[in-house]
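Dear colleague,

I am handing over the structure below, and the notes on its side-chain contacts follow it.

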Amino acid sequence: MLTDPISDYLTRIRNASKAGHRVVNIPASNLKQQMTKILFDQGYILSYKFEENEVQGNIKIALKYDKFTKEPVIKKIQRVSKPGLRKYAGSGELPRVLNGLGIAIVSTSHGVMTSKQAKQENVGGEVLCYVY
């Protein structure tokens, strides 16, 4: 049993990209699916596919690499709010990652979104992770 499935999700992506893998399999949940869609929309992953099994299902993520240098597009993916210490931010104090070059994924009452989208909708929430 995992105590923090979001950290496991981020660690699997981090380890696979450092090892140079093309595809990574992750056990699915609704929150992980929404986070995967955000990573795809922001251009951090190449593609994704949700596979339904009897019990839980899987997410297959194709990682994205630079064409010339073969380095992963995701330089750093970092968990912010942990089960032991939750980090919440109001709409006015949502973080900017690398002065706007990275993204912060936030879980709000309107769903999971980036910090830019949350600022536009004027909602705050739990800051899940930073990606850049």
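This is a predicted model: local features need pLDDT of at least 70, side-chain atom pairs count only at pLDDT 80 or more; totals for chains, interfaces and linings use all residues.

**Aromatic pairs and salt bridges**

Two aromatic pairs are counted, where rings of Phe, Tyr and Trp (its six-membered ring) pair if their centres lie within 6.5 Å, with planes under 30 degrees apart called stacked, over 60 edge-to-face and the rest tilted. F40 and Y48 make an edge-to-face pair, with 5.3 Å between the centres and 75 degrees between the planes, while Y48 and F50 make a tilted one at 5.1 Å and 45 degrees.

Residues are numbered from 1 along each chain as its sequence is written, and side-chain values use heavy atoms, with hydrogens and water left out.

The whole structure holds five salt bridges, each being a side-chain nitrogen of Lys or Arg within 4 Å of a carboxyl oxygen of Asp or Glu. One of them joins D4 and R79 at 3.1 Å, N to O, and links distant parts of the chain, since D4 lies in the segment before α1 (5-19) and R79 in strand β4 (residues 77-79), 75 residues apart; strands (E, at least two residues) and helices (H or I, at least four) are DSSP runs, numbered from the N terminus. D4 is buried at 13% relative accessible area, as is R79 at 9%, where buried means under 20%, exposed over 50% and partly exposed in between (1.4 Å probe, protein chains only).

Best regards
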